[in-house]
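I hope they are handy when you next have it open on the screen.

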Amino acid sequence: QVQLVESGGGLVQVGDSLRLSCAASPRAFSSYSMGWFRQAPGKEREFVATTRWVENNIYNAYYQDSVKGRFIISRDNAKNTLYLQMNSLKPEDTAVYYCAAGIVQRADYSGISGPRSYAYWGQGTQVTVSS
């Protein structure tokens with residue numbers, strides 16, 4: 001069982017930055033693909049970014065188009081922690097952000113962005129961007 005705990009959310013202004021963290025239980029952390037999803041009120045959970053495991057300590061990063069160039073996903077396997085650096089925040093980034101982990105078999109976008117590809121989820125952290 002993989003346990004995930006997010007932190008770092010908060011209330012910020014348009015254009016500000018935030019860094020989210022996801023602390024994971026050590027079990028096989030480095031072998032899992034780790035990603036971020038978000039869910040705004042009244043909307044479905046959507047993919048934000050992921051680091052897909054390729055082979056030993058090699059990962060490919062993928063992003064949703066709306067966050068490319070603004071968000072950066074990274075991971076520190078020594079600390080069992082996943083990060084999401086969010087810059088130039090916009091009101092439409094307001095959502096609960098979830099950390100997810102799983103064995104993502106498919107390398108196509110549908111595979112890496114689909115919530116069903118991730119078996120483990122955190123409880124979420126709220127990000128609110130005020131204009």
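1. Let me start with valine 5, whose bridge partner in β3 is alanine 23. The two strands involved, β1 and β3 (residues 18-24), run antiparallel and are joined by four bridges. Two strands are taken to pair if DSSP finds at least two bridges between them; strands are DSSP runs of E with at least two residues, numbered from the N terminus.

2. A word on the ground rules: this is a predicted model, in which local features need pLDDT of at least 70 and side-chain atom pairs count only at pLDDT 80 or more, while totals for chains, interfaces and linings use all residues. Residues are numbered from 1 along each chain as its sequence is written, and side-chain values use heavy atoms, with hydrogens and water left out.

3. β1 and β3 belong to an open sheet of four strands, ordered β1-β3-β8-β7 with antiparallel pairing. At its edges are β1 (4-7) and β7 (71-76), each pairing on one side only. On average, neighbouring strands of this sheet are turned by 15 degrees against each other, direction ignored. Axes here are lines fitted to C-alpha atoms, and angles run from 0 to 180 degrees between N-to-C directions.

4. How many disulfides does a search of the whole structure find? There is one, formed by cysteine 22 and cysteine 99 with their sulfur atoms 2.1 Å apart; the criterion is a pair of cysteine sulfur atoms within 2.5 Å. Cysteine 22 lies in strand β3 and cysteine 99 in strand β9, so the bond ties together parts that are 77 residues apart in sequence. The torsion about the S-S bond is about -75 degrees, so this disulfide is left-handed. Cysteine 22 counts as buried at 0% relative accessibility, and cysteine 99 is also buried at 0%. Buried means under 20% relative accessible area, exposed over 50%, and partly exposed in between, with a 1.4 Å probe and protein chains only.

5. Strand β11 (residues 125-130) deserves a look for its side chains.

6. Strand β9 (residues 95-102) pairs with β11 in the antiparallel sense over three bridges, with tyrosine 97 partnered by threonine 125.

7. On the aromatic side, the count comes to six pairs. Rings of Phe, Tyr and Trp (its six-membered ring) pair if their centres lie within 6.5 Å; planes under 30 degrees apart count as stacked, over 60 as edge-to-face and the rest as tilted. One of the pairs is tyrosine 32 with tyrosine 120, edge-to-face at 5.9 Å centre to centre and 80 degrees between the planes. Tyrosine 32 lies in the loop between β3 and β4 (33-39) and tyrosine 120 in strand β10 (residues 120-121), so this contact ties together parts that are 88 residues apart in sequence. Tyrosine 118 and tryptophan 121 also pair edge-to-face, at 6.4 Å and 70 degrees. Ring pairs link Phe37, Phe47, Tyr109, Tyr118 and Trp121 into a cluster.

8. Please also check arginine 75. Its charged end sits over the ring of phenylalanine 29, 4.8 Å from the centre, and arginine 75 lies over the face of tyrosine 59 as well, at 3.9 Å from the ring centre. The rule asks for NZ of Lys or CZ of Arg within 6 Å of the ring centre and within 35 degrees of the ring normal.

9. Asparagine 80, in the loop between β7 and β8 (81-86), has a phi near 55 degrees, a positive value in a residue other than glycine. Asparagine 80 is buried, with a relative accessible area of 17%. Leaving aside neighbours within four places in sequence, asparagine 80 is in contact (heavy atoms within 4.5 Å) with Cys22, Ala23, Ala24, Pro26 and Phe29. Serine 88 is not a glycine either, yet has a positive phi of about 50 degrees. Serine 88 lies in the loop between β8 and β9 and is partly exposed at 41%.
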